[in-house]
Amino acid sequence: MTTGSDIAAGRLGADRIAEDFAEIHPPLDRRTALIESSRCYFCYDAPCIEACPTGIDIPAFIKGIATDNVKGAAQTILTANIMGGMCARVCPVEELCEDACVRNHQEEKPVTISALQRYATDHVFLGGEQLFSRAVDRQARCRGRRWPGRPGLRPPPRRARP
Ligand code: SF4
């Protein structure tokens, strides 16, 4: 008896795929983001940073949102963690930064760091803004440069390093 694989392309319709991959939590709007960011104390020795595996300067980016500098907030996040947009959705913040937030001791409700992080990164991704430029490829520039001496002579190729 043979058992054939039931793996096949296109078994799910577009509606089912959209439903399965929909966001679990709705995004913050500008007003909610401003209110939520104003809950942060901008702690000097912020325990939320200590708890973040990527060391994002959380009070700094929240300050950016609170002052309507959302692009600057995104730059702070993505400089520390280029996957910051994804981490805002999948990181277990309830065990990391949000668990460490001092607001837990006062109101038993932390600053919603992940939602604010998502707000900032979505702002630049959905707006199509470029925050970083590609580094100059110095070796490529060198390869294209003419070598002094005979016309058309190029420098010898570099040997691969072991
Ligand atoms: S611990 Fe909470 S209140 Fe303090 S800086 Fe971090 S997010 Fe803000």
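This is a short tour of the model above, stop by stop, with something to select at each one.

**Before you start**

You're looking at a predicted model: local features need pLDDT of at least 70, side-chain atom pairs count only at pLDDT 80 or more, and totals for chains, interfaces and linings use all residues. Residues are numbered from 1 along each chain as its sequence is written.

**Whole chain**

Color by secondary structure. The protein chain has ten helices and zero strands; here helices (H or I, at least four residues) and strands (E, at least two) are DSSP runs, numbered from the N terminus. Of the chain's 162 residues, 26% count as buried. A residue is buried if 20 or more other C-beta atoms lie within 10 Å of its own, exposed if 12 or fewer, and partly exposed in between, with C-beta atoms placed from the backbone. Among contacts between residues at least 6 apart in sequence, 63% join residues at least 24 apart. Two residues are in contact if their C-beta atoms, placed from the backbone, lie within 7 Å.

**The ligand**

Now select the ligand and its surroundings. Which residues come nearest? Of the 14 residues around the ligand, they are Cys40, Cys43, Cys48, Pro59 and Cys101. A residue is near a molecule or strand if its C-beta atom, placed from the backbone, lies within 6 Å of it. The shell has 13 nonpolar, no polar and one charged residues. In this scheme Ala, Val, Leu, Ile, Met, Phe, Trp, Tyr, Cys and Pro count as nonpolar, Asp, Glu, Lys and Arg as charged, and the others, Gly among them, as polar. Helix 3 and helix 4 (58–66) each supply at least two residues of this shell.

Most residues other than glycine have a negative phi. Is Phe42 buried or exposed? Phe42 counts as exposed because 12 other C-beta atoms lie within 10 Å.

Slide along to Ala46, which sits in the loop between helix 2 and helix 3. Ala46 is buried, because 21 other C-beta atoms lie within 10 Å. Leaving out residues up to four places away in sequence, Ala46 touches Ile58 and Pro59.

**Helix 4**

Select 58–66. Helix 4 is mostly covered, with seven of its nine residues buried: Ile58, Pro59, Phe61, Ile62, Gly64, Ile65 and Ala66. What covers these buried residues includes helix 2, helix 3, helix 5, helix 7 and helix 9. Just after helix 4, check Asp68, where phi is positive at about 65°.

**Helix 5 against helix 9**

Next, show helix 5 (residues 70–80) and helix 9 together; their axes come within 8 Å and cross at roughly 105°. That makes helix 5 roughly perpendicular to helix 9. Axes are lines fitted to C-alpha atoms, for helices over the stretch in contact, and angles run from 0 to 180 degrees between N-to-C directions. Angles under 35 degrees count as roughly parallel, over 145 as roughly antiparallel, 65 to 115 as roughly perpendicular and the rest as oblique.

From helix 5, Val70, Lys71, Ala73, Ala74, Ile77 and Leu78 meet Gln117, Ala120, Thr121, His123 and Val124 of helix 9. By class, this contact has seven nonpolar, three polar and one charged residues.

**The core**

Which residues have the most contacts inside the largest nonpolar core? Ile58, Ile65 and Ala120 do, in a core of 29 residues. A nonpolar core is a set of buried Ala, Val, Leu, Ile, Met, Phe, Trp, Tyr and Cys residues joined through C-beta atoms within 7 Å. Center on Ala120: setting aside neighbours within four places in sequence, Ala120 is in contact with Phe61, Ile65, Val70, Ala73, Ala74 and Ile77.

**Last stops**

Pick Ser114, in helix 9. Ser114 is buried, because 21 other C-beta atoms lie within 10 Å. Beyond neighbours within four places in sequence, Ser114 contacts Ala88, Cys91, Val93 and Glu98. The C-alpha atoms of Ser114 and Ala88 are separated by 4.7 Å.

Finish at Glu108, in the loop between helix 8 (103–107) and helix 9 (113–126). Glu108 has a positive phi near 55°. Glu108 is exposed, because 7 other C-beta atoms lie within 10 Å.
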